[in-house]
Amino acid sequence: MESYIQFFALKDNPFRITPDVDFFFMSSVHQEALGSLEFLLESEEGFAVIIGEPGTGKTITIRKFISQLPDNVEYAYILFPNLSPEEMFRAILEDFGIDIDDTATKNKLFSALREFLIKKKKEGKKIFIIIDEAQNLPVDTLEELRILSNLETDKEKLIQIILLGQPELENKLNSDALRQLKQRITVMSRLNNLTENELIDYINYRLAKAGNSTIRITNSAYKEIFKYTHGNLRQINQIMERALMAAFVKNKHGIDKEDIIEATISLGMSKKGDRKSVYFVLVLTAVLTVSILSAYYFLKKPSEPVKKIEKKSALEKVYVIPNRLNVRLNPDKNSEIVYVLKKGDSLEVLKKEGNWYKIRYKNITGWVNKNFTGPQNE
């Protein structure tokens, strides 16, 4: 079955939800945030903070920044950071590939990190710690990060820290308990939703990047998208993907207001009084499922073999040894973190590659450093 990707002569999915730096759109606020991070890179300032509501582009902005880092920069990228100070130090050390005994105290962890930073500074390296969803950090962990940022030589700091979070992070930083940390923040950026004109430019930019800038979208369709999303990037992507599907089902190569309304209905975003077609929504949902599968195989590289499903009974099992262990997208310590495991979690080993295991944990698949796993009795 033909997919909507093929139908619209696209080379890629222009409105996927996952952050893709190739589709990074330089709105005024995103340009300002990226510029602030670049200033931090060139300076010796200790802390930068980026605040934004969900869906405003915090993660894609930081990944765009990371994609441009020079070779003399190394970083730890921490997700799911509801961590105690000790767990945070362990997560950072593990991200840098440093093996630490599971019984090490917080002071030992801090000392190991300091030695690592001094070594890297002597090598001419610049070190960043990047923490996404930082509003989840406990106050005492944020305070430990402030103390960590104090590490410096006679001339320059050993580490720079970037915090990304929702507005709750700013509220936390304004508390009396963190007043000293707030004084250290020299770069503060806020990401807002797109304006209506930026929304139009964003949609056209994404379509052009995906290989087709000729898809006609009516003015009323743009206005309808803005009415529902108020310029939120994530919601724009969701609506536009469904709208393309709606047009595909009707065998037409343009998007109008009716397609947007039908997209919002299928997403459960429609407001009372909108015109509804239950039959169309059911058809759209079914075709969406089939088309996404078709698009996946259409876009796959020809050289990529089809992955075989391995029988669970034949898989080796290992267990997580440290308190926290990052699951990465690829077998590389700088690869994207897709999940964080806890001590004792049982993992199925799907593949071995050097010091890495490809594992499955529940419905999560990714790569972990095998040195941090072992038999159940460890």
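Visitor: At what angle do helix α9 and helix α11 pack?

Guide: In this predicted model, helix α9 spans residues 196-209 and helix α11 spans residues 233-249. Their axes lie 12 Å apart. The packing angle between α9 and α11 is about 55 degrees.

Visitor: Which term describes the orientation of α9 and α11 to each other, and in which hand does α9 pass α11?

Guide: Angles under 35 degrees would count as roughly parallel and 65 to 115 as roughly perpendicular, with the rest oblique. The two helices are therefore oblique to each other. As for the hand, α9 passes α11 in a crossing that is right-handed.

Visitor: How are α10 and α12 oriented, roughly parallel or roughly antiparallel?

Guide: The axes of helix α10 (residues 219-229) and helix α12 (residues 257-266) come within 7 Å and cross at roughly 25 degrees. Angles under 35 degrees count as roughly parallel. The relation of α10 to α12 is therefore roughly parallel.

Visitor: Which residues of α12 make the contact with α10, and how many residues of each class does the contact have?

Guide: On the side of α10, the contact is made by S220, A221, E224, I225 and Y228. On the side of α12, it is made by K257, I260, I261 and T264. Sorted by class, the contact of α10 with α12 has five nonpolar, two polar and two charged residues.

Visitor: How many of the eleven residues of helix α4 are buried?

Guide: Helix α4 covers residues 85-95 and is largely enclosed by the rest of the structure. Its buried residues are P85, E87, M88, F89, R90, A91, I92, L93, E94 and D95. The number of buried residues in α4 is therefore ten of the eleven.

Visitor: Which elements do the buried residues of α4 pack against?

Guide: The partners include both helices and strands. Among the helices are α5 (106-122) and α6 (139-149). The strands are β2 (73-78), β3 (126-131), β9 (324-328) and β10 (337-342).

Visitor: In which hand do α4 and α5 cross, and how does their contact divide by class?

Guide: The axes of α4 and α5 come within 9 Å and cross at roughly 35 degrees, and the crossing is left-handed. P85, E86, F89, R90, I92 and L93 of α4 make the contact with K106, L109, F110, A112 and L113 of α5. By class, this contact has eight nonpolar, no polar and three charged residues.

Visitor: Is G354 buried or exposed?

Guide: G354 sits in the loop between β11 (346-353) and β12 (356-361). Its C-alpha atom is separated by 8.8 Å from that of K370, 16 residues apart along the chain. The relative accessibility of G354 is 61%. Because exposed means over 50%, G354 counts as exposed.

Visitor: What percentage of the residues of the protein count as buried?

Guide: The protein has 13 helices and 14 strands. It exposes about 18700 Å², of which carbon and sulfur atoms supply 49%. Of its 378 residues, the share that count as buried is 52%.

Technical notes: Residues are numbered from 1 along each chain as its sequence is written. This is a predicted model: local features need pLDDT of at least 70, side-chain atom pairs count only at pLDDT 80 or more; totals for chains, interfaces and linings use all residues. Side-chain values use heavy atoms; hydrogens and water are left out. Axes are lines fitted to C-alpha atoms, for helices over the stretch in contact, and angles run from 0 to 180 degrees between N-to-C directions. Helices (H or I, at least four residues) and strands (E, at least two) are DSSP runs, numbered from the N terminus. Angles under 35 degrees count as roughly parallel, over 145 as roughly antiparallel, 65 to 115 as roughly perpendicular and the rest as oblique. A crossing is left-handed if the near helix is turned anticlockwise from the far one by less than a right angle, and right-handed if clockwise. Buried means under 20% relative accessible area, exposed over 50%, partly exposed in between (1.4 Å probe, protein chains only). Accessible areas come from the Shrake-Rupley method with a 1.4 Å probe; for residues, only the protein chains shown count as cover. Contact means heavy atoms within 4.5 Å. Ala, Val, Leu, Ile, Met, Phe, Trp, Tyr, Cys and Pro count as nonpolar, Asp, Glu, Lys and Arg as charged, and the others, Gly among them, as polar.
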